[in-house]
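Please read each point with the structure in view.

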Amino acid sequence: TVLVVDFGAQYAQLIARRVREARVYSEIVPHTMPVAAMLAKNPKAIILSGGPSSVYAEGAPAVDPALFQAGVPAFGICYGFQAMARALGGTVAHTGRSEFGRTDLAVQAEGTLLQGVDTGTKVWMSHGDSVTAAPAGFAVLAGTPDTPVAAFEDTARGLAGVQWHPEVLHSEHGQAVLQHFLYEIAGARPTWTMANIVDETVTAVRAQVGAKRVICALSGGVDSAVAAALVQKAVGAQLTCVYVDHGLMRQGETEQVERDYVAATGVDLHVVDAADRFLTQLKGVEDPEEKRKIIGREFIRVFETAARDIVAAAGEDGVEPVEFLVQGTLYPDVVESGGGEGTANIKSHHNVGGLPDDLQFTLIEPLRTLFKDEVRAVGEELGLPAEMVWRQPFPGPGLAIRIVGAVDSERLAILRRADAIARAELTAAGLDREVWQFPVVLLADVRSVGVQGDGRTYGHPIVLRPVSSEDAMTADWSRLPYEVLERISTRITNEVREVNRVVLDVTSKPPGTIEWE
Ligand code: XMP
């Protein structure tokens, strides 16, 4: 394990991901964790992240020098670099010359850390203070016009650091620098492979579950699909999956779960067709929050009933009762809930329908240590269909929040056809992975005049909302090629009779959210 000590930087998760891209397992810990607790995790190395503060600011998180006396290799980044310098007797000064953004590096000596990094390499900076003198025993490797000491190392003690952010893509050779530290200075080995992740998780789930039974809610999304497939690999027929079809899915999605997922995993799947029930409850409801409440509530009811049926069936004839519920909680959820520590039952708010706390199950969270890209890689390793593994995020309430106005089966059918065309053309253009998400929205209460053939039409507009994003917190509208937009527009207006206009949403988030409701 490599520990990434989080000094409150927005970069700690990114650092942890880059370490894992180097196939070394990493975990994020808060800077408030005592050094003894960090060492108790027996880390191969410790990385000190950047942070928002100046090392001299009041309340600035300091680094306990004991960290460097334990003989564990350490790498400081930005704030972590300065904190390391200061803790070991170097000088950090407020030079009055801040650097933000792209900076040219002047390399004085490559050392071990900067092998293959030339003078003129562009690195991403974001700092006010600077290290003006390295601690004794360190070799200074590089500087910049405004930073006398921008990189140093003491390979005998396994210590190194850089002022810039090697974890961001804008820093050239960033991953190489990180790997020089990990492999050559810290002696870490690239053993965190997808095959090992699968093996370790399967072993852990087996140990936890024993002979008991497990249920899992599948939503059609990547996380629940991969979580279930892992558990299925571990305990086979002891797992039953429940897929609640709320009738608000896109074309082909329910079939994909019913057919392709079962074919790929052989899992015992319990499909509940609850479309009528959801549509009845949603009848005439226009308010987006009201729609969400109804869908969330009904989802829980349907799932609870299904779970009870399965539990009852499992209890017969001396078959072990159901004790566990699988959740697709990811590592960022764990970190953001202030955790990563212990086995606290952190409720993920992003998961299927937000199942209630009083469901009497023990949680199994096989993805708790994984980032999204790792979840996808595990899904591929397990042989899940590519369309499932690379599926773009889709909201739990489904198409209900992509129909502006009340939801009914006719409107759903219109939107489904338009959406299927937009998705097919995006795929045909090879743009699926460039676009984060591509909501297609039906303005069900808006009509406009058109002309098709020789006749006047009075149809509905469809809104295309392709966006690019990193984490859905912010987003920008995707600059899709005109030819792709043209094909989508032509096909939708030709093939979906009720639609006579296609418009493009060119709003970023903020101010607009990704979804229209
Ligand atoms: P917004 O529209 O707020 O969405 O920019 C951000 C991300 O969250 C998804 N989303 C939802 N997911 N239940 C969900 O499970 C919801 O009610 C919901 N609303 C939005 C949205 O698709 C985007 O990925």
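1. Leaving aside neighbours within four places in sequence, Ala 225 is in contact with Leu 218, Tyr 261, Gly 379, Leu 384 and Met 388; contact requires C-beta atoms, placed from the backbone, within 7 Å. Ala 225 counts as buried because it has 29 C-beta neighbours inside 10 Å (buried: 20 or more other C-beta atoms within 10 Å of its own, placed from the backbone). The model is predicted: local features need pLDDT of at least 70 and side-chain atom pairs pLDDT 80 or more, whereas totals for chains, interfaces and linings use all residues. Residues are numbered from 1 along each chain as its sequence is written.

2. Helices are DSSP runs (H or I, at least four residues), numbered from the N terminus. Val 222 is buried, with 24 other C-beta atoms within 10 Å. Not counting residues up to four places away, Val 222 touches Val 375, Arg 376, Gly 379, Met 388, Val 389 and Arg 391.

3. The unreviewed UniProt entry annotates a "binding site" that covers Ser 219, Gly 220, Gly 221, Val 222, Asp 223, Ser 224 and Ala 225. UniProt positions follow the numbering used here, feature names are shortened, and annotations may be inferred rather than shown by experiment.

4. Where do helices α6 and α12 meet? Met 194, Ala 195, Ile 197 and Val 198 in α6 meet Glu 374, Ala 377, Val 378 and Glu 381 in α12.

Methods
Buried ≥ 20, exposed ≤ 12 C-beta atoms within 10 Å, placed from the backbone. Contact = placed C-beta atoms within 7 Å. Helix = DSSP H or I, 4+ residues; strand = E, 2+ residues; numbered from the N terminus.
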